[in-house]
Amino acid sequence: MKQKFFAIAAIAVLAIVGVFVFEHATSAQRPDRNAQSERGNRQGGERGNRGGMQGMIDPMSLVDNSWVDLTFAVKVDDETLVKARPIYQATREKFASKMTELRASGNWQAMRSEVQKLVVAAGPEFQASLKEVLTADQFAKLNELTKQRQERQSQQRQRMNRAREGGGRRGGGGAQ
């Protein structure tokens with residue numbers, strides 16, 4: 001009888017410990033519940049739609065993507081990366097400060113046009129600075145990768161728009 005009780009107690013303790021360990025191991029992988037509710041209670045937080053900024057260019061992602069392309073696709077040497085890093089940092093900080101200022105205004109329509117103006121205005125300066133650091137081949141390859149990325153993103157936006165437009169018409173007349 002004692003052996004049965006001991007075996008059942010041991011199994012119960014193992015099960016409780018297992019549940020406790022599993023709960024804490026998986027909670028390390030989950031986003032903070034409080035932060036999640038502040039972000040509109042959806043996974044991904046600021047990514048995705050950006051709380052009303054649908055279809056808007058994110059200038060910081062343009063800089064980030066260019067850095068990734070330069071580092072991994074163009075595969076420039078470390079010395080060149082060290083020279084290019086301040087250019088990327090300055091451009092990204094410029095975009096970040098302007099985006100913070102624009103988000104504070106809360107006017108999403110004006111924000112869209114301002115972001116586009118910002119990207120157009122900063123582009124030539126950014127390109128000229130990079131041209132001084134990169135070789136002609138590296139610069140051409142980086143520009144080609146950027147062009148390809150923009151084409152893919154444009155195609156993806158078009159597919160999403162078509163899906164959205166088609167989704168509203170299904171089922172006998174959604175909101176039109």
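Which side chains meet in a salt bridge at 2.6 Å, N to O? They belong to aspartate 64 and arginine 92, and point 5 comes back to them. Here are my notes for someone opening this structure for the first time.

1. Ground rules. This is a predicted model, where local features need pLDDT of at least 70 and side-chain atom pairs count only at pLDDT 80 or more, while totals for chains, interfaces and linings use all residues. Residues are numbered from 1 along each chain as its sequence is written, and side-chain values use heavy atoms, with hydrogens and water left out.

2. The core. A nonpolar core here is a set of buried Ala, Val, Leu, Ile, Met, Phe, Trp, Tyr and Cys residues joined through side-chain atoms within 4.5 Å. Buried means under 20% relative accessible area, exposed means over 50%, and partly exposed is in between (1.4 Å probe, protein chains only). The largest such core has 23 residues, and the members touching the most others are Leu70, Tyr88, Leu130, Leu134 and Leu142. Two or more residues each come from α3 (59-73), α4 (78-105), α5 (108-133) and α6 (136-169). Helices (H or I, at least four residues) and strands (E, at least two) are DSSP runs numbered from the N terminus. As background, nonpolar side chains in soluble globular proteins tend to be buried together.

3. A look at leucine 134. Have a click on this one: setting aside neighbours within four places in sequence, leucine 134 is in contact with Leu70, Val76, Thr80, Phe139 and Leu142. Contact means heavy atoms within 4.5 Å.

4. Rings of Phe, Tyr and Trp (its six-membered ring) pair if their centres lie within 6.5 Å; planes under 30 degrees apart count as stacked, over 60 as edge-to-face and the rest as tilted. That rule gives two aromatic pairs. In one, tryptophan 67 and tyrosine 88 have ring centres 5.0 Å apart and planes at 70°, so the pair is edge-to-face. Tryptophan 67 sits in helix α3 and tyrosine 88 in helix α4, so this pair ties together parts 21 residues apart in sequence. Tryptophan 67 is partly exposed at 28% relative accessibility, whereas tyrosine 88 is buried at 4%. Tyrosine 88 also pairs edge-to-face with phenylalanine 126, at 5.1 Å centre to centre and 85° between the planes. That link runs from helix α4 to phenylalanine 126 in helix α5, 38 residues apart. Phenylalanine 126 is buried too, with a relative accessible area of 11%. Put together, Trp67, Tyr88 and Phe126 form one aromatic cluster.

5. A salt bridge is a side-chain nitrogen of Lys or Arg within 4 Å of a carboxyl oxygen of Asp or Glu, and the count comes to five. Back to the opening pair: aspartate 64 is in helix α3 and arginine 92 in helix α4, 28 residues apart. Aspartate 64 is partly exposed at 29%, and arginine 92 is partly exposed at 34%.

6. Lysine 83 and glutamate 79 meet at 3.5 Å, N to O; they are four residues apart in helix α4, so about one helical turn separates them. Lysine 83 is partly exposed at 46%, while glutamate 79 is exposed at 54%. Lysine 98 and glutamate 101 form another bridge, with their closest N and O atoms 3.4 Å apart. Both lie in helix α4, three residues apart, about one turn of the helix. Lysine 98 is partly exposed at 24%, and glutamate 101 is exposed at 51%.
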